[in-house]
There are 2 protein chains.
Amino acid sequence: MSTTLHDVARHAGVSIKTVSNVVNGLGRVSAATRERVLASVAQLDYRPNLSARSLRSGRTGVIGLAIPELSLAYFAQLADAVIEEAEQRGLVVLIEQTRGGDRTREVELLRGPRRQLTDGLIFSPFGMTEADTELLDIGSPLVLLGERLPDANVDRVTMRNVEAGAAATASLVRIGRERVAVIGAHLDARMGSAVLRYDGYVQALREHGLELRDDLVVEVDLWHRSNGAKAMRELLARGEPFDALFAMNDELALGALRVLQEEGIDVPSDVALIGFDNVDEGRFSRPSLSTVDPGRPEIAKMAIDLLLERIDGVTSDDVAPRELQSTFRIIERESTQAA
Amino acid sequence: MSTTLHDVARHAGVSIKTVSNVVNGLGRVSAATRERVLASVAQLDYRPNLSARSLRSGRTGVIGLAIPELSLAYFAQLADAVIEEAEQRGLVVLIEQTRGGDRTREVELLRGPRRQLTDGLIFSPFGMTEADTELLDIGSPLVLLGERLPDANVDRVTMRNVEAGAAATASLVRIGRERVAVIGAHLDARMGSAVLRYDGYVQALREHGLELRDDLVVEVDLWHRSNGAKAMRELLARGEPFDALFAMNDELALGALRVLQEEGIDVPSDVALIGFDNVDEGRFSRPSLSTVDPGRPEIAKMAIDLLLERIDGVTSDDVAPRELQSTFRIIERESTQAA
DNA sequence: TTGAAAGCGCTAACAT
DNA sequence: ATGTTAGCGCTTTCAA
């Protein structure tokens, strides 16, 4: 059996309350007693039982992070940022994978028993639709990542997707490209990053007096690398000339890049390319990949801030949901080097 | 307040024990009562309080996974596999990052309060040295990943690094290469993957009657992509000709690939290249990267099996530590295509 | 400043 | 087949 408060109390010749006070730095304890208690704590190698503490306090010190898949670089790096930020605040992170937009898994996760284990959840939804919005009402603090489920009555962190999409597109135009293709669009969707980034794309074209051509727009369901390759083949098959490509994330961009090179199309001289997310790999691809940095550490910080304010009750339940936006920046690398 | 066992018991008109039995599927409960209890559970939306359950049972249902960094693709994919495997068994995973070989962080993590929150730990050590071995004696189930701390008295999962290193090297020789360079070596180390894979390399050269040339061996501390690039520049600067390269992991390989291409050296015709780890990105690089698949799902499964056997007491404490090895396989892609 | 005691929600030993 | 009850280790009134 491991050491308990009682053991320490007995050893130090004080009451269990005093030990508790010392351990938690609460209450008034005379320097002498504190000294004695700390000595006993060290000597007995006492460590508080977190289950008991949770049971009593109603807090676990654990927050959940639900993402589609850890093997997608974007989410791995996001999780990294969240764990880092949580640690600053003495919290620990439980990661749950929803396996790329599986609605059922997402719903189960929201209602599942694991919610009891966490003080709150940071959730990046993909499969749930607007009809499921009310399922988000889980009775414990929740912060959404991204623009999905726009009508949900919860705090969320997003980024300026429209502006970022426009800036990415503009960075291609600025180096003299006039036929800018885009892959990753979800034309039928009403909401989501795809819609917003596409809006930015359209907006930038318009601002620069360029024509929006449907045959330069490729829809892609999941933003995986393999789909980037597929989309690029489709685009090439259409035969419509283009001299630049905006890929809605880096995975798509790298998949597309691979196909462009197979076809002997040079990047950036024939086709300039910009991605989105600033995933590490883009720094080492050849050519290195220009991209949009979404400000992951800031996103992690904002999400945890919002969550903690609800957990701590600083923000009462009847305060309307808030939305925080991270600041992005364009990172120009070789794939958009002016010719 | 959320619903408790008592609430359900009262609502169903039975005792709390019966409810507990039903919820946990234990004991003999008549179909009728079970029915009634389940109805109440559903109606009251009862969910067991996991803190209370843990306090009572001494189990949390959480296992820890301590890895250097989630943003390294290998570890992200490993974590993915561990979470997946854990889920099969109703366990959940708490990820802790040791930030690439920081000994202090590793030691703190082993003794830290979070151990109280987990039933056991899967640990991939990097910073701790043999002098720290006894710190692994943490009094709760522990499984090591990899060959570090060889004298530790704990279960571990490894892979056949020597054989795999030899097989990788041999795959280069098999396509006619005779001057095989290697990057990632730790020549001064006594143990670790670097030593073993290097042994395999040496062994394969010998078996094929090839000369081991010191000037074709590049040491690299951390196996990051940037270091792969650096190592390749160093190798090229030496001026010693080579027609193949064994990189000790895929990150190194991709970093090296990038430099080779900058220098106009074609892969695979000028230099054939094989990495190690079978990270996703290798499938989409250009050329796609040949590699060694370490069998991640198997590693995850073995680690959790070992851990659970200790947790459940199936394996008693005085059973000597066991070592399980995953099976690897060589994956041949474009970077080792015969000319 | 310190102590005593109740009880968080659950499991399991024991009773019926 | 079902009920009673004693804690798990901690925090937190309430007393002293």
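1. How many residues surround DNA strand C, and which are the closest? There are 26 of them, and the closest are S15(A), R28(A), L5(B), N49(B) and A52(B). Here a residue is near a molecule or strand if its C-beta atom, placed from the backbone, lies within 6 Å of it.

2. Before going on, a word on what you're looking at: this is a predicted model, where local features need pLDDT of at least 70 and side-chain atom pairs count only at pLDDT 80 or more, while totals for chains, interfaces and linings use all residues. Residues are numbered from 1 along each chain as its sequence is written, and chains are lettered from A and ligands numbered from 1 in the order in which they are written.

3. α4(B) gives the most, with five residues. (Helices are DSSP runs of H or I, at least four residues, and strands are runs of E, at least two, numbered from the N terminus.)

4. Now look at α2(B). T18(B), V19(B) and V22(B) are buried there, meaning that 20 or more other C-beta atoms, placed from the backbone, lie within 10 Å of the residue's own. Seen down the helix axis, the buried residues of α2(B) fall within an arc of 100° (taken from the directions from the axis to the C-beta atoms), so they line one face of the helix. Their cover includes α1 (5–12) and α3 (31–44) of chain B. After α2(B) comes G25(B), with a positive phi near 65°.

5. How do the two chains meet? 36 residues of chain A are in contact with 36 residues of chain B; contact means C-beta atoms, placed from the backbone, within 7 Å. On the chain A side, α5(A) gives the most, with six residues.

6. Chain B also has an open sheet of four strands, in the order β7-β6-β8-β9, with parallel pairing. Two strands pair if DSSP finds at least two bridges between them. β7 (217–219) and β9 (272–274) of chain B are at the edges with a single partner each, so one side of each has no neighbour in the sheet. Three bridges join β8(B) to β9(B), and A244(B) stands opposite A272(B).

7. Finally, helix α10 (residues 250–262) of chain B lies across β6, β8 and β9 of chain B, at about 145° to β8(B). Such angles run from 0 to 180 degrees between N-to-C directions, with axes fitted to C-alpha atoms, for helices over the stretch in contact.

Technical notes: Contact = placed C-beta atoms within 7 Å. Buried ≥ 20, exposed ≤ 12 C-beta atoms within 10 Å, placed from the backbone.
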